[in-house]
Amino acid sequence: MELEHNPVVANETRRSFGYRLARLASMWRREIDADLRVFGLTDATWRPIYYLNFSSSSMRQTDLARSLSLEAPSLVRLLDVLEKRGYVVRETDEEDRRSKLVSITAQGREVAALVSRVADQVTARLMNGVSDVELEECCGVLDRVEQAAQAHKESADADKRDAR
């Protein structure tokens with residue numbers, strides 16, 4: 001029975017979509033985390049390195065904390081560890097002396113390359129049996145959901161500005 005023809009099933013599928021997406025993201029991260037533990041990396045340590053590796057320039061600590069969904073004090077303690085290991089450096093932001101900029105080091109980029117290799121292996125393992133066509137279709141759906149979320153955020157931000 002197709003979903004469009006059964007509103008109860010279609011509604012339940014839509015209702016569970018976000019939950020399943022969040023659960024899958026968590027499971028995916030745990031798989032990567034388990035494979036990286038052999039190298040002495042934990043979810044807390046590899047994620048900032050992985051994220052910083054994609055940045056073309058230094059990033060404010062507050063922006064990094066927001067991107068990783070971490071509280072600022074937690075990120076500061078984590079960055080202390082990563083800095084001692086030689087993976088990141090922090091400098092005062094010349095535009096705002098109260099802020100710190102975080103950059104990945106050459107050693108951190110080596111760790112990020114390792115994380116990428118492990119993430120690719122996990123992806124291959126988890127995506128085994130998913131066709132390219134299915135993946136493209138799924139990515140299209142995710143793109144549309146992300147665009148809707150972004151549009152909603154922009155609209156809410158505009159409403160807040162207008163209310164001031």
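A patch here is a group of residues with over 30% relative accessible area and no salt bridge, and nonpolar side chains are joined into one when they lie within 5 Å. Keep that in mind for the views below, which come from a predicted model.

**View 1. The whole chain, end to end.** Six helices and three strands make up the secondary structure of the protein chain. Starting at the N terminus, the elements go α-α-β-α-α-β-β-α-α. The radius of gyration is 20 Å, well over the 15 Å that the globule rule gives for 164 residues, so the chain is more spread out than a compact globule. Along its principal axes, the C-alpha trace spans about 60 × 50 × 25 Å. Buried residues account for 26% of the 164.

**View 2. A nonpolar patch on the surface.** Here you can pick out F17, L21, V141, L142 and V145, which together have about 340 Å² of accessible area. Two elements, α1 (7-36) and α6 (132-163), each give two or more residues to the patch. The biggest giver is α6, with three residues.

**View 3. Zooming in on F17.** This residue sits in helix α1. Is F17 buried or partly exposed? Its relative accessible area is 34%, so F17 counts as partly exposed.

View 4. Now we're in strand β3, residues 100-104, where S103 lies. S103 counts as buried because its relative accessibility is 16%, and the cut-off for buried is under 20%. Its side chain makes a polar contact of 2.5 Å with the side chain of S58. Setting aside neighbours within four places in sequence, S103 touches S58, Y87, V88 and V89.

Definitions and conventions: Residues numbered from 1 in each chain as written. Predicted model: local features only at pLDDT ≥ 70, side-chain atom pairs only at ≥ 80, totals over all residues. Heavy atoms only, no water. Patch = residues over 30% accessible without salt bridge, like charges linked within 9 Å, V, L, I, M, F, W, Y side chains within 5 Å. Areas by Shrake-Rupley, 256 points an atom, 1.4 Å probe, with all protein chains shown as cover. Salt bridge = Lys/Arg side-chain N within 4 Å of Asp/Glu carboxyl O. Helix = DSSP H or I, 4+ residues; strand = E, 2+ residues; numbered from the N terminus. Buried < 20%, exposed > 50% of the residue type's maximum accessible area, 1.4 Å probe, protein only. Polar contact = N/O pair within 3.5 Å; in protein donor to acceptor, adjacent residues only side chain to side chain. Contact = heavy atoms within 4.5 Å. Rg over C-alpha atoms; globule rule 2.2 N^0.38 Å.
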